[in-house]
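Subject: A structure for you to look through

Dear colleague,

Please find the sequence and the structure below, followed by my notes on what was found.

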Amino acid sequence: MGFFDKLKKIIKTKEKDEAEEISKYDEGLKETRKNFVNQLNILGLKFKKIDEEYFEELENILIMADIGVNTVMEFMDRIRKRVKQENITNPQELQEVIVDELFIIYVDNDTITDKINIASTGPTVILMVGVNGVGKTTTIAKLAHKYQKEGKKVMMIAGDTFRAGAVDQLHVWADRTNSLFYGKENSDPASVVYDGLKEALDKNVDIVFIDTAGRLQNKVNLMQELEKINKVIGTIIPGAPHETLLVIDAATGQNGIMQAQAFKEITNITGLVLTKLDGTAKGGIVLAIKEEVKLPVKFVGLGEKMEDLIPFDIEDYIYGLFKDMM
Ligand SMILES: Nc1nc2c(ncn2[C@@H]2O[C@H](COP(=O)(O)OP(=O)(O)OP(=O)(O)O)[C@@H](O)[C@H]2O)c(=O)[nH]1
Ligand SMILES: [Mg+2]
């Protein structure tokens, strides 16, 4: 059975339980699909045979989709090899191989642990980091909503005491999601985190989200601040934070990859959240991130509403991207 058929079958068995997720990917990847997949389709029609010119155009399409230069190079090598080995001459025939190989890029990597690490006892602490405006606060709200629905007691701590209005913004989200809240304006973030976690322990909270300010333009400062926050967290709750999620705006493309690399150097990132996939044609960034940053994407944001954050699922993603080709 070909890859497309396999994927179709997988999606079909999932359709009952995960209908909502699948349709979110479908909606959210519209822009990427329009650009990327349409171009692949056109390429398949335009060329009668697979030659150097064809390979060049394919390479360009992949780079434009923000899959990342290194990933694309490796991918092209594999495609060339398969064309030779399997004697593929027809560009139409190659479409399926292309999707197949894109899937392999992601799955072959051994860092796939898309589950959130939940503490066996005591509060699970999730630290949210990322540069300005990528969607940290909104993502906390979305995750809080999800865990609250699962019956967990959730708390938010406003570790971003830097930007005016940040504390209030988080407070509003805490109220909307029935979460507890701890914050104090004009204080040192580490001391806010300290007091907040004490309260979380007192109140038997299950999951604590810590919002932070993202000022990457000052790397040393940011590193020191995160170090301080991490130290406080570990002192109050040994083993915490259980997750440090780096939030990246998908629309920033390769810049997002650079952010991920920079943050990896300054703190221990355990996973990524890729936001705003819905508003961009750069959905290929999912594949580049995996290959170039070696960190798992744990959630993707596919809209602004509270329900619009879903656990990343490579099968749903690939299907959402290529369904028009199947
Ligand atoms: N379309 C879309 N918009 C999103 C998504 N996630 C966040 N946003 C929007 O992005 C904007 C910024 O989100 P915030 O959560 O405030 O970002 P932040 O990282 O906390 O920003 P700072 O606190 O200023 O560093 C808001 O208007 C959100 O509604 C998403 O997945 N899709
Ligand atoms: Mg914020």
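Is Glu 199 buried, partly exposed or exposed? Glu 199 is partly exposed, because its relative accessible area is 22%, and that class lies between buried (under 20% relative accessible area) and exposed (over 50%), as found with a 1.4 Å probe and with protein chains only.

Before going further, please keep in mind that this is a predicted model, in which local features need pLDDT of at least 70 and side-chain atom pairs count only at pLDDT 80 or more, while totals for chains, interfaces and linings use all residues. Residues are numbered from 1 along each chain as its sequence is written, chains are lettered from A and ligands numbered from 1 in the order in which they are written, and side-chain values use heavy atoms, with hydrogens and water left out.

The sheet

Strands of a sheet pair through backbone hydrogen bonds, and they can do this in a parallel or an antiparallel way. Here 8 strands make up an open sheet with mixed pairing, in the order β3-β2-β4-β1-β5-β6-β7-β8. The strands (E, at least two residues) and the helices (H or I, at least four) are DSSP runs, numbered from the N terminus, and two strands count as paired if DSSP finds at least two bridges between them. The edges are held by β3 (180–182) and β8 (309–311), each of which has a single partner strand, so one side of each is left without a neighbour in the sheet. Direction ignored, neighbouring strands are turned by 25° against each other on average; the axes behind such angles are lines fitted to C-alpha atoms, for helices over the stretch in contact, and angles between N-to-C directions run from 0 to 180 degrees.

Within the sheet, β1 (residues 124–129) and β5 (residues 243–249) pair in the parallel sense over 4 bridges, and Val 129 stands opposite Leu 246 in β5. Helix α11 (residues 285–293) packs on the sheet, where it touches β5, β6 (271–275) and β7 (297–301), and its direction makes about 160° with that of β6. The strands β6 and β7 run parallel and are joined by 3 bridges, and the bridge partner of Leu 274 in β7 is Val 300. In β7, 5 of the 5 residues are buried, so this strand is largely enclosed by the rest of the structure.

Two buried residues

Ala 250 sits in the loop between β5 and α10 (254–266) and is buried, with a relative accessible area of 0%. Leaving aside neighbours within four places in sequence, Ala 250 is in contact (heavy atoms within 4.5 Å) with several residues, including Leu 274, Thr 280 and Lys 282. Thr 32, which belongs to helix α2 (residues 30–46), also counts as buried, at 0% relative accessibility. With residues up to four places away in sequence not counted, Thr 32 touches, among them, Thr 280, Lys 282 and Leu 321.

Salt bridges

Side chains of opposite charge can pair when their charged atoms come close. The structure holds 25 salt bridges, each being a side-chain nitrogen of Lys or Arg within 4 Å of a carboxyl oxygen of Asp or Glu. In one of them, Lys 14 pairs with Asp 316, their closest N and O atoms being 3.1 Å apart. Lys 14 lies in helix α1 (residues 3–28) and Asp 316 in helix α12 (residues 314–322), so the pair ties together parts that are 302 residues apart in sequence. Both partners are buried, Lys 14 with a relative accessible area of 12% and Asp 316 with one of 2%.

Glu 199, with which these notes began, forms a salt bridge with Lys 203, the closest N and O atoms being 3.0 Å apart, and Lys 203 is partly exposed at 36% relative accessibility. Elsewhere, Arg 78, Arg 82, Glu 86, Asp 100 and Glu 101 are linked in a network of salt bridges.

With best wishes
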